Amino acid sequence: MNDLIGRVLSFEKQVFPNQSALYAKLAAHGQNPKVLIISCADSRVVPEHIMQAAPGDLFVCRNAGNIVPPFSNANGGVTSTVEYAVTALGVRDIVICGHSDCGAMKALMNPETLQGMPNVAAWLRHSHAAHSVVAASYPELENGESVRVASLENVVVQLSHLRTHPSVAAAVASGRVALHGWFFDIQQGVMLGLDGDTGRFVPIEADRPLPVALRAEHRRATDIAPQGKAA
């Protein structure tokens, strides 16, 4: 803790004075982030650092396994964060970011390691679909490979869960929000993005269009004319 306290003092004396105008603006006018990022709580994956974000740029929610439980009437931190970000802050993009060497995904693929951690085991039930996909579609993988693939498939599963949230469903249908699935390779320092057209993760590169899981476009299942008028 002494080292961390030293960094806090360094922030107060060296960093803050150089950004005091920005903090004054944020304090006076509030926050206006355009992106909600839901990432793993892993200490090696810091969204603000990876995205080189300034204070006020990102609305961040972190938890073990970058999980978004399907919507329910039971209150929860992730559900409340998503609802606030979409409804109150009006974010335009939501990113679910997984990563390599994920401890949560290791536990998902090796449930025997969860003895003594009943809450973690219960939390990871929200990722069981990813486990099933790996077991059914990648039966030839070794354990290390299966963890990486589970981490990728888990992002896809959590994006599906995200769309069950009413605030997100409404924003997606009206074309106000785009959804993104990312995967950060810790060792390589490379970010992959889910291409919704192909269903594959591809590198995010400067000379290529950004891969998007679900673009911000108006979506209606049908066109129904007002009652009494022809369609």
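## Basis

Residues are numbered from 1 along each chain as its sequence is written, and side-chain values use heavy atoms, without hydrogens and water. As the model is predicted, local features need pLDDT of at least 70 and side-chain atom pairs count only at pLDDT 80 or more, while totals for chains, interfaces and linings use all residues.

## Nonpolar cores

A nonpolar core is a set of buried Ala, Val, Leu, Ile, Met, Phe, Trp, Tyr and Cys residues joined through side-chain atoms within 4.5 Å. Buried means under 20% relative accessible area, exposed over 50%, and partly exposed in between (1.4 Å probe, protein chains only). The largest core has 28 residues, and Ile94 is one of those with the most contacts inside it. Among the elements that give it two or more residues are β1 (35–40), β3 (93–99) and α8 (143–162). Helices (H or I, at least four residues) and strands (E, at least two) are DSSP runs, numbered from the N terminus. Another core, apart from this one, has 16 residues, including Cys40 and Val157.

Beyond its neighbours within four places in sequence, Ile94 is in contact (heavy atoms within 4.5 Å) with residues including Leu36, Leu162 and Leu179.

## Helix α2

Helix α2 (residues 20–29) lies largely in the open, because the number buried among its 10 residues is zero. Gly30 follows α2 and has a positive phi, near 80 degrees.

## Ser151

Ser151 sits in helix α8. Its relative accessibility is 3%, so Ser151 counts as buried. A polar atom of the Ser151 side chain lies 2.9 Å from the backbone oxygen of Val147. Leaving aside neighbours within four places in sequence, Ser151 is in contact with His99, Cys102, Met105 and Phe183.

Conventions. Polar contact = N/O pair within 3.5 Å; in protein donor to acceptor, adjacent residues only side chain to side chain.
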